[in-house]
Amino acid sequence: MNMTTEVCSCDLSPTALVKRHSARVFRAVVATCGSRSTADDIVQRVFLQLVRTRPTFENDRHAKAWLLRVAINCCKDLHRSVWQSKVGSLDEIQENQASTRELVAEHTVLASSGGSYSATREHHPEEAFEKAEQQKTVLEAVADLPPNQRSCIHLFYFEDLSIAEIAETLEQPAATVKSHLHRGRAQLQTILGEEYDYEA
C-alpha cells in the first residue's frame, strides 16, 4: 500500500487506535508477561500514555509498532519490580499457564471468524475448522517457548513486525532478535514436526 494513501485514509486519532489495536496490544502483553491478571492494567496504561503524549505517527503500522513497544516496556517494568521478582508461588504459575491457554483460544476464535478466513469459512467450513485447529496447535506451542523466543515469534508472525521493528520494540540488537527467532523456530519444529510450516 502506498504510504501517502495510508496516511490520508487511516484514522490515527487515539480513539480510532484504541478500537483498532486494543485486542492486539492485549495479546502482546499476555504473550510477553504471561499474566492475564495484569494485562488489562497494562493495556490501560499504554492507551493512557497515548492520550497523554499524543505522538505523531506516519501511518497505522508506525502507530502499531509504537503501541507494542510501550506495552512491552510496561511488561519489562513489571518484571523489574521488587514484588514481581519475589513472587513465584504455585498459584501464580498456574494462573500464568491458564492465561496463555486463554490467549490461544481467543486468538483462534478471532482468526477463524473473520479476515482472510471469512470466505473459506462460508464456502468450506471443514477447511476453516482445520485451519483454526492448526493455528491453535501452533499457538499452544508458541506459548510454551521461553519468554524471549515467545515475544520475538509472536511479534514476527502474529503482529507482522520486521526484525528491525522487533529489535526497536524489545530494545535488543537485531542479531539477538534473529537468534531468538532461529531458536524459537527450531523449538517449534521439534514440538510440531510436520505441522510446522513457517519459513525458517
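Phe 57 comes out as buried, at 10% relative accessibility (buried is under 20% relative accessible area, exposed is over 50%, and partly exposed is in between, with a 1.4 Å probe and protein chains only). Trp 66 counts as buried too, with 12% relative accessibility. This is a predicted model, in which local features need pLDDT of at least 70 and side-chain atom pairs count only at pLDDT 80 or more, while totals for chains, interfaces and linings use all residues. Numbering runs from 1 along each chain as its sequence is written, and side-chain values use heavy atoms, with hydrogens and water left out.

Back to the rings. Searching the whole structure turns up 2 aromatic pairs. To pair, rings of Phe, Tyr and Trp (its six-membered ring) need centres within 6.5 Å; planes under 30 degrees apart are stacked, over 60 edge-to-face, and the rest tilted. Here they are:

| Pair | Centre to centre | Angle between planes | Type |
|---|---|---|---|
| Phe 57 and Trp 66 | 5.7 Å | 65° | edge-to-face |
| Phe 156 and Tyr 157 | 4.9 Å | 85° | edge-to-face |

Phe 156 is partly exposed at 24% relative accessible area, and Tyr 157 is partly exposed at 22%.

Now the overall layout. The protein chain has 11 helices and 0 strands, where helices (H or I, at least four residues) and strands (E, at least two) are DSSP runs numbered from the N terminus. Of its 200 residues, 42% are buried. Its accessible surface is about 11300 Å², with 52% of that belonging to carbon and sulfur atoms (Shrake-Rupley method, 1.4 Å probe; for residues, only the protein chains shown count as cover). Among contacts with a separation of 6 or more, 66% are between residues 24 or more positions apart; contact here means heavy atoms within 4.5 Å.

What about the inside? The largest nonpolar core has 21 residues, and Val 25, Val 29, Ile 42, Val 46, Leu 50 and Leu 67 have the most contacts inside it. Such a core is a set of buried Ala, Val, Leu, Ile, Met, Phe, Trp, Tyr and Cys residues joined through side-chain atoms within 4.5 Å. Two or more residues each come from α2 (14-33), α3 (39-53) and α4 (60-80), with α4 giving the largest share, 8 residues. Leaving aside residues up to four places away in sequence, Leu 67 touches His 21, Val 25, Val 46, Phe 47 and Leu 50. Another core, of 20 residues, lies apart from this one and includes Leu 145, Ile 153, Leu 161 and Leu 192.

Ile 153 takes us to α9, where it is one of the buried residues, along with Gln 149, Arg 150, Ser 151, Cys 152, His 154, Leu 155 and Phe 158. The end C-alpha atoms of α9 are 15 Å apart, in agreement with the 16 Å that its 12 residues should span at 1.5 Å a residue (the expected span is 1.5 Å times one less than the number of residues). Arg 150 sits in this helix, residues 147-158, and is buried at 10% relative accessible area. After α9 comes Asp 160, with a positive phi near 60°.

Leu 192 belongs to α11, whose buried residues also include Val 177, His 180, Leu 181, Gly 184, Arg 185 and Leu 188.
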